[in-house]
Amino acid sequence: LEKMARQLQESIARLGGFGALLAGVGLGSYGIYKTCFYTVEPGHRAVIFSRLSGVSGQVKEEGLHFRVPWLIYPIIFNIRARPKKIVSPTGSKDLQIVNIGLRVLYRPDPLNLPRVYRNLGVDFDERVLPSITNEILKAVVAQFNASQLITQRARVSLLVRQQLVDRAMDFNIMLDDVSITDLSFSPEYTAAVEAKQVAQQEAQRAQFLVERAKQERQEKIVRAEGEARAASLLGAALKQNPGYLKLRKIRAAQAVAHTMSQSMNRVYLNADTLMLNLKELEDSKYSGN
């Protein structure tokens, strides 16, 4: 900076009186521009304050504007949507402490900026949003139990949004979005919910075991009845036809022989072991004849 000032002084000295005149005109023009003109950047609006009449109802839009030095000066407002997160502890219908985090996307009403500045000032969001958010959250959450806040979260969010948008418009603040970001309960309530879930799971498991025992008992009864019925039918068949027992012996012998034939070892069995005593069968045959 000192080097630039030194270079400027050298340039003015080389130009002489004409250079000094140009420098004076340039500095004067810059001073007039800074005191008589102001620029409203994109996404902003200006409210005009006059020392004679106070806050004007006129709102200046983006661009370059003229003002009377000392008598009039602008107050610049940012009208872009900005996020703000508010955390509020409140109570549910069943007297449980609930911590709710709310995120709002807000901006001032561009048509009512003079009223906003006159009543609230430039920091209108800090003056209004925390108080009305706490008010609406307490009113809405008090209508639901702690469990309903989880199962009916969409409905809770809708009620909060509707009421908060209407309430903010009373202060000429527009809310583009309202959403619940956090929902937590006290450690005691969380522990109680977990214990309840564990108890319900244990009860369901006990009920399952009881039902399985009943089914196994019924299965044993049915199997026993089936075996008793089969034994009764087998006894009746043997009484009516003694050859049935011999047929069962032949089939059992076939099964034993087939199994032993598949073995790699060589095994020799007599007729009694195979349950197929041919001599006995022949004797019974001859005796029958």
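This is a predicted model: local features need pLDDT of at least 70, side-chain atom pairs count only at pLDDT 80 or more; totals for chains, interfaces and linings use all residues.
Me: OK. And what's the largest nonpolar core like, which members touch the most others?
Reply: That core has 36 residues. The members touching the most others are Leu-102, Leu-129, Val-160, Leu-164, Ile-173 and Leu-175.

Me: Which helices and strands supply at least two residues of this core?
Reply: Among the helices, they are helix 3 (113-119), helix 4 (124-141), helix 5 (146-151) and helix 6 (153-169).

Me: Where does the largest share come from?
Reply: From helix 4, with 8 residues.

Me: Let's stay on helix 4, then. Which of its residues are buried?
Reply: Phe-124, Asp-125, Val-128, Leu-129, Ile-132, Thr-133, Ile-136, Leu-137, Val-140 and Val-141 are buried. They cover an arc of only 150° around the axis, so they sit on the same side of helix 4.

Me: Why would residues three or four places apart point the same way?
Reply: An α-helix has 3.6 residues a turn, so residues with that spacing point the same way.

Me: How far apart are the end C-alpha atoms of helix 4?
Reply: They are 26 Å apart. With 18 residues at 1.5 Å a residue, helix 4 should span 26 Å, so the two values agree.

Me: New topic: how do strands 6 and 7 pair, parallel or antiparallel?
Reply: Strand 6 (residues 82-91) and strand 7 (residues 97-108) pair in the antiparallel sense, over 10 bridges. For instance, Pro-83 has Leu-105 in strand 7 as its bridge partner.

Me: Where is Trp-70, and what is its phi?
Reply: Trp-70 lies in the loop between strand 4 (63-66) and strand 5. Its phi is positive, about 70°, although Trp-70 is not a glycine.

Me: Is Trp-70 buried or exposed?
Reply: Trp-70 counts as exposed because its relative accessibility is 65%, and the cut-off for exposed is over 50%.

Me: And what about Asn-172, buried or exposed?
Reply: Asn-172 counts as buried, because its relative accessibility is 10%. Its place is in the loop between helix 6 and strand 8, and its phi is positive, near 60°.

Conventions:
Residues are numbered from 1 along each chain as its sequence is written. Side-chain values use heavy atoms; hydrogens and water are left out. Two strands pair if DSSP finds at least two bridges between them. Helices (H or I, at least four residues) and strands (E, at least two) are DSSP runs, numbered from the N terminus. A nonpolar core is a set of buried Ala, Val, Leu, Ile, Met, Phe, Trp, Tyr and Cys residues joined through side-chain atoms within 4.5 Å. Buried means under 20% relative accessible area, exposed over 50%, partly exposed in between (1.4 Å probe, protein chains only). The expected span of a helix is 1.5 Å times one less than its number of residues. The arc is that of the directions from the helix axis to the C-beta atoms.
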